[in-house]
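Student: I would like to learn how to read the interface between two chains. Could we work through an example?

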There are 2 protein chains.
Amino acid sequence: MFKTVEWKNNSVVMLDQTLLPGKVVYRKFSDYRQVADAIKKLLVRGAPAIGVAAAMGCALGALGIKAAGLGEFRREFKKVSALMASTRPTAINLFWAIERMNRAVDSHCGGVEGLKKRLIAEAKNIHDEDIKVNRRMGAYGGRLIKNNSTVLTHCNAGALATAGYGTALGVVRGAVDAGKNVRVFADETRPVLQGARLTAWELMRDGIDCTLITDNMAGYMMKKGLIDCVVVGADRIAANGDVANKIGTYSVAVLARAHKIPFYVAAPKSTMDLRIKSGDSIPIEERSADEVTFIGGVRIAPDGVKTKNPAFDVTPARLVSAIITEGGVVRAPYGRNIKKLFP
Amino acid sequence: MFKTVEWKNNSVVMLDQTLLPGKVVYRKFSDYRQVADAIKKLLVRGAPAIGVAAAMGCALGALGIKAAGLGEFRREFKKVSALMASTRPTAINLFWAIERMNRAVDSHCGGVEGLKKRLIAEAKNIHDEDIKVNRRMGAYGGRLIKNNSTVLTHCNAGALATAGYGTALGVVRGAVDAGKNVRVFADETRPVLQGARLTAWELMRDGIDCTLITDNMAGYMMKKGLIDCVVVGADRIAANGDVANKIGTYSVAVLARAHKIPFYVAAPKSTMDLRIKSGDSIPIEERSADEVTFIGGVRIAPDGVKTKNPAFDVTPARLVSAIITEGGVVRAPYGRNIKKLFP
């Protein structure tokens, strides 16, 4: 299996997802600013993978700090974590991972060199825990997927979006690992085409039956009875169960409801933001117009055309059939049941 | 204003829409087989424009027939019209136009040379009538569009999809011509990107405010209250009011209903197929997988990935707020009210 992002000999090694599926290229970063830049430019993407990359970026930044004492180190580390936090606004896992790194810094009593080692260990922990958490989600979620069924997914919430195994595709893998026969329909997911480039790629590598469709075919496939359930990931989940995820997720949720098809969200607890009451308050990243007007360097729209490019949308909790977490499957009322995950 | 397709000095001149918006190139065809090929390859597209092109292809074919008498001419003309009819299966205007040409052939009493002239005149009539019909639809439909409102459209049902003025965009132009301030949101319309390439291009040329979005953003824009109504064209309308149109139209209609936004279809009577009871019987063209996996010659998905590529879908009449025709605005019950258009 491929690695999405990895700590290796005091550097961060990352699969460059912008080049997939054409080329499999790994980038090695020894400066945390390169990691921040890689997150911004989508070399690594997917909420859990962004969290892991940010933690490793923090560890890399920590390694480079020349400080006489803990106080000076903490001041310098604030700058590192501020840069990592400025990369992308929507996925909460980014801030969750940076906060974990900061807690390690704040609670440390020993020397600076010891703290650096501790931060590297913490980043590696975040990485390793993510895979474990995904496998647990896969086991819980896999039970929701019926044998001989077809799952529609949007964007890539797979091994590539995590440290490994995946969230939404982890649920598919969980069902397959349980011996079920599962087919996947993958929305191509414009503008960045994570479905066409990444989901199709990783499912084909795993030998899981995958059919690629354009985003606007999802409704037609549901109407024809070809979709049994929808499983997507999440970038942030509010306390009331509203789900921010890749642009287009909301449309899929409305279509699923209209066709009485279950709509499942697979996300670790680190994607839940209990400080945010509802999806209305989740910041939505607006990305460059070029992502809409160019594909693979080819201009597809008139020069100077106006565009919108929100990278995410919010699906209200009422359209979500269940949220699959490492703590179990959560159903409505979400406000109460999400809280129970955090005793 | 540009011409989409035109009869000129015994040849058919066509704007090559596959090269838009990058290049404005006109192709001149003097063999009807070239016209058939151009329809297949989407140099001309849009139900009314396909009808006009097919009629002109028939006229071109007629011109080339060397026949001693009417009987021989009719046999040869059957071959010409059969080839034109084999180009694309969904848009009924194609068959409607070919049928009109055949009626002229069948009802002719004079000599072969006179019939050739008559067929050229008939093709030109179909062209000229289409523009008149679109302007009438624009006047009727324009009244449904409120001042200072935003119209979402899918695919291109504009001047480029017709002999001129457009059906859905004719309605927008009708509102603008009536002095209203109208903004358009254009779905890019994967896989062939008629929205990004064609709708944006022709609206920008007309100075009509246009914002390009990817197909999966439509729901988000509706949820944010940015869309006041939807206007689309049609490729075939069944006797019960079910509407076949570009893939993705059905999803937009479901989303519009979920957001209580009016969903209008603008189509000439020639798009109505009273011989077909419901949308279930409308043949849906399945096009090449390459349209999904390549954009502008660039591969965007893994080699060998499975895809689906239905070019159209069917929106059930219950999701259609009104059908705008040259005979007036038709509302439910469609079965009865469509019949009234054909006394």
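Student: How many residue pairs are in polar contact between chain A and chain B?

Tutor: This is a predicted model, so local features need pLDDT of at least 70 and side-chain atom pairs count only at pLDDT 80 or more, while totals for chains, interfaces and linings use all residues. Residues are numbered from 1 along each chain as its sequence is written, chains are lettered from A and ligands numbered from 1 in the order in which they are written, and side-chain values use heavy atoms, with hydrogens and water left out. A polar contact is a pair of N or O atoms within 3.5 Å; within protein, one must be able to donate a hydrogen and the other to accept it, and residues adjacent in sequence count only if both atoms are side-chain atoms. Between chain A and chain B there are 20 such residue pairs, both at pLDDT 80 or more.

Student: How many salt bridges are there between chain A and chain B?

Tutor: A salt bridge is a side-chain nitrogen of Lys or Arg within 4 Å of a carboxyl oxygen of Asp or Glu. The count here is four. One of them joins the side chains of Arg190(A) and Glu188(B), at 2.6 Å from N to O.

Student: What area do chain A and chain B bury between them?

Tutor: Interface size is often given as the accessible area lost when the parts come together. Buried area is that loss (1.4 Å probe), summed over both parts. Chain A and chain B bury about 4,200 Å², 70% of it on carbon and sulfur atoms. Asn216(A), Tyr220(A) and Lys306(A) supply 16% of the area that chain A buries against chain B, more than any other three residues.

Student: How many residues does each chain bring to the contact?

Tutor: With contact meaning heavy atoms within 4.5 Å, chain A gives 56 residues and chain B gives 56 residues.

Definitions and conventions. Buried area is the accessible area (1.4 Å probe) that two parts lose on being put together, summed over both.
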